[in-house]
Amino acid sequence: MKYMILGIIAFLLVGCGEKFDASTDKMAKISMERIAKNLPDDEASQFLKDFEIYTQPYMDFCDEGPGDCSFTNNVESLHGESDSAVVDIVAEHREYVKKMNAYYDEQELRNLVAMAAKAQGNLNDIWNIPVTAKVVTGNWNDAKGIVEYAVEYEINNTSYVDLSYVKMKVTHTPSNGGEKRISRAEFARYFKAQKKSLVRDYLGYFKGDEVDKVVDREGTFNITIIGAKPTPESYGMVEMGNHEKQRLVVLSSLYPGEYEALCEEFGYEI
């Protein structure tokens with residue numbers, strides 16, 4: 001009898017076995033309101049906020065390659081879930097969005113501290129701009145007996161400033177684990193803020209009958225970003241308008257530990 005009573009209580013706590021119905025917008029609203037009604041007032045209020053966050057667009061890493069993409073959850077993904085499971089799902093999503101927002105805030109804070117240090121005259125050149133890259137393809141262009149050995153990358157400028165230079169190191173590792181070939185490259189071209197670009201690094205030219213002795217076409221490429229520099233026009237941003245100054249104040253108060261570390265890294269005197 002004791003265990004039967006506990007079982008009945010547990011059954012009641014999860015909404016009498018109710019399932020979330022997302023078959024129509026109307027039924028989804030009814031399910032959401034039912035869940036809130038069965039929760040204590042403070043938990044119900046939090047649930048409704050979490051549910052709203054769950055249905056809003058949010059930024060996350062793209063499914064393929066570096067970069068950021070906008071995603072939106074489909075409410076139909078909750079269909080058939082128990083009431084208690086829905087509460088947990090939307091709460092977990094809220095915490096994940098909070099974590100991702102903090103990541104993007106800290107990237108913006110890094111840019112702002114770098115600009116502030118430059119404006120203060122304590123930073124001669126800004127190279128610590130967040131940039132990522134991935135290898136798209138390693139290719140060999142055979143023409144007239146000469147093989148052009150090159151690798152193509154996707155450069156993703158995740159920063160909020162336009163770039164004029166990107167430095168990187170490319171490593172080619174043969175499939176048999178032999179000696180690695182390393183190329184250092186500095187691309188002097190325009191990389192727009194928050195955009196991706198394709199670039200090529202020419203690692204050498206060989207006679208057609210020699211390339212296989214020099215390069216293992218089945219090998220793998222790896223790429224490491226060494227640094228990146230803003231365009232001269234972006235340096236104008238180091239004067240920092242009111243918006244940038246306000247954002248620096250807000251973000252530095254939200255992330256005091258990260259702010260202090262960045263100030264030390266860039267030589268910015270508070």
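Two residues are in contact when heavy atoms of theirs lie within 4.5 Å. With that in hand, let's walk through this structure. It is a predicted model, in which local features need pLDDT of at least 70 and side-chain atom pairs count only at pLDDT 80 or more, while totals for chains, interfaces and linings use all residues. Residues are numbered from 1 along each chain as its sequence is written, and side-chain values use heavy atoms, with hydrogens and water left out.

Let's start with Leu248. Not counting residues up to four places away in sequence, Leu248 touches Leu109, Leu112, Val113, Ala116, Met240 and Tyr259. Leu248 is also among the residues with the most contacts inside the largest nonpolar core, together with Leu109, Val113, Tyr153 and Ile155. That core has 31 residues. A nonpolar core is a set of buried Ala, Val, Leu, Ile, Met, Phe, Trp, Tyr and Cys residues joined through side-chain atoms within 4.5 Å, and buried means under 20% relative accessible area (1.4 Å probe, protein chains only).

Which elements build the core? At least two residues each come from α4 (83-120), β4 (146-157), β5 (163-173), β8 (220-230), α7 (242-254) and α8 (256-266). These names follow DSSP runs, with helices (H or I) of at least four residues and strands (E) of at least two, numbered from the N terminus. The largest share, eight residues, is supplied by α4. A second, separate core of 13 residues includes Ala22, Met32, Ala36 and Val86.

Now look at β5. Eight of its 11 residues are buried, so β5 is largely enclosed by the rest of the structure. β5 pairs with β8 in the antiparallel sense over 10 bridges; strands count as paired if DSSP finds at least two bridges between them. Leu163 stands opposite Pro230 in β8.

Next come the helices. Axes are lines fitted to C-alpha atoms, for helices over the stretch in contact, and angles run from 0 to 180 degrees between N-to-C directions. The axes of α2 (residues 25-37) and α3 (residues 41-54) come within 8 Å and cross at roughly 150°. α2 and α3 are therefore roughly antiparallel to each other, a label for angles over 145 degrees. Met32, Ile35 and Ala36 of α2 make the contact with Ala44, Phe47, Leu48 and Phe51 of α3.

Leaving aside neighbours within four places in sequence, Ser31 is in contact with Lys19, Phe20 and Asp21.

Methods. Buried < 20%, exposed > 50% of the residue type's maximum accessible area, 1.4 Å probe, protein only. Parallel < 35°, antiparallel > 145°, perpendicular 65-115°, else oblique.
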